[in-house]
Amino acid sequence: MFDAVILWEWFAFAVRWLHVITAMAWIGASFYFIALDLMLRKADDLPEGAAGEEWEVHGGGFYHTTKYLVAPARLPEHLTWHKWQSYWTWLSGAALLMIVYWVGGELYLIDAAKADLALWQGIAISALSLTVGWLLYDFLCKSELGNNPTALMLLLFVILVIMSYGYHQVFTGRAAMLHLGAFTATIMTANVFFIIMPNQRIVVKDLQEGRAPDPKYGKIAKLRSTHNNYLTLPVIFLMLSNHYPLAFATQYSWIIASLVFLTGVTIRHYFNTMHSTGKGPHWTWAVTVLLFIIIAWLSTANMWGTFEQAEARGMTSYEERFALADGFDEAHDVVMGRCSMCHGREPSYSDSLLWAPRGVLLDTPADIARNARAIYIQSGVSHAMPPANVTAMSESDRAAIVRWYRNAGSF
């Protein structure tokens, strides 16, 4: 049991690391090509079919890039395809979602106070919502709205607001934020896999077979790439939000998540305009700061409820499994004496600590049972908590936590 838990933690870490690496590669390539596309300039000596060129200097060398509006007259022997960064980002992200929010669903996904769901029901909602989101978005893009990019983006924002509200009605705050990010990231990767890459393959095949490629395929791909460009920054915020309870554990978290998409638009609009014209519209920074101030204000309305309400709630079957295990009383006393002063609904450790770190609450027996695995990893087999051992947790305290968790006999 001990080895299985440790190995699982390292497996989760490896998947998270892969996700970060591939996400950086995808985002970096995406931002670069959008900037490159906007910085292209006309020149008198451009080859036939070329739309513009760009000269750049980096790392001690000069680079000369030429873009063809549809395709060059002759297909080069060496052609680099930019796709695997996107695919591996989604695949590793989906695996991480399953590891954290499906396998660990009793703790991180299901919130019985919001919706009394069985774990399989929560997993079904998680998976189906991501699939339905792409199908709806793709349908709208292929409709007449595809010819009106502004109206399409506004409707997409409305859909994201609705999804944000819906996720926050059934999932924990951190799961709701993460799923909204996954909902958006699924759309972005599906754009690459189902639209952008197939269209590029059509163009390449036409060139190989001596036909003139149809410009419509490039136009369609450009629309989806533009959507991806504006959605990237909000997705990054949502993926990082689980570290900040002020973002995910407040009454208005669904509004905060919605406003984050607007900040992503204002920030990207500034850089896109700057790359295109050489000067960015400074009003976008004022709007971004204002939106951030509104987000900070909304975050002060926490939704954890009172200690009395938490004690009155009955335990779930998952919580009972740990609460009934041998050694729970001893472990409970350790957590109450060493952890709950910070991880409480009203933290008492410091006047500057207004919310429990990362939203982890440990001031009722149900809280402690619910967070058994995290307590075991953070304070039992490692010394991660308390930070710098500020509450002087002894080795015997940690041993009591380890005995309790192992007695529960649960992975």
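Which helix is H179 found in? H179 is found in helix α6, where helices (H or I, at least four residues) and strands (E, at least two) are DSSP runs numbered from the N terminus.

Before going further, a word on the model: it is predicted, with local features needing pLDDT of at least 70 and side-chain atom pairs pLDDT 80 or more, while totals for chains, interfaces and linings use all residues. Residues are numbered from 1 along each chain as its sequence is written, and side-chain values use heavy atoms, leaving out hydrogens and water.

**Around H179**

H179 counts as buried because its relative accessibility is 0%; buried means under 20% relative accessible area, exposed over 50%, and partly exposed in between (1.4 Å probe, protein chains only). Setting aside neighbours within four places in sequence, H179 is in contact (heavy atoms within 4.5 Å) with L97, Y101, L109, S126, L130, Y167 and F171.

**Aromatic rings**

Across the whole structure there are 20 aromatic pairs. Rings of Phe, Tyr and Trp (its six-membered ring) pair if their centres lie within 6.5 Å; planes under 30 degrees apart are stacked, over 60 edge-to-face, and the rest tilted. Here are two of these pairs:

| Pair | Centre to centre | Angle between planes | Type |
|---|---|---|---|
| Y32 and F33 | 5.4 Å | 75 degrees | edge-to-face |
| Y167 and F171 | 5.9 Å | 20 degrees | stacked |

Y167 and F171 are both buried. Y32 counts as partly exposed because its relative accessibility is 35%, and F33 counts as partly exposed at 38%. One aromatic cluster is formed by W84, Y87, W134, Y137, F193 and F194.

Charges also sit over rings here, meaning that NZ of Lys or CZ of Arg is within 6 Å of the ring centre and within 35 degrees of the ring normal. R268 lies over the face of F31 at 4.1 Å from the ring centre, and K83 lies over the face of W81 at 5.9 Å.

**The second largest pocket**

The lining divides into 24 nonpolar, 13 polar and seven charged residues, with Ala, Val, Leu, Ile, Met, Phe, Trp, Tyr, Cys and Pro as nonpolar, Asp, Glu, Lys and Arg as charged, and the others, Gly among them, as polar.
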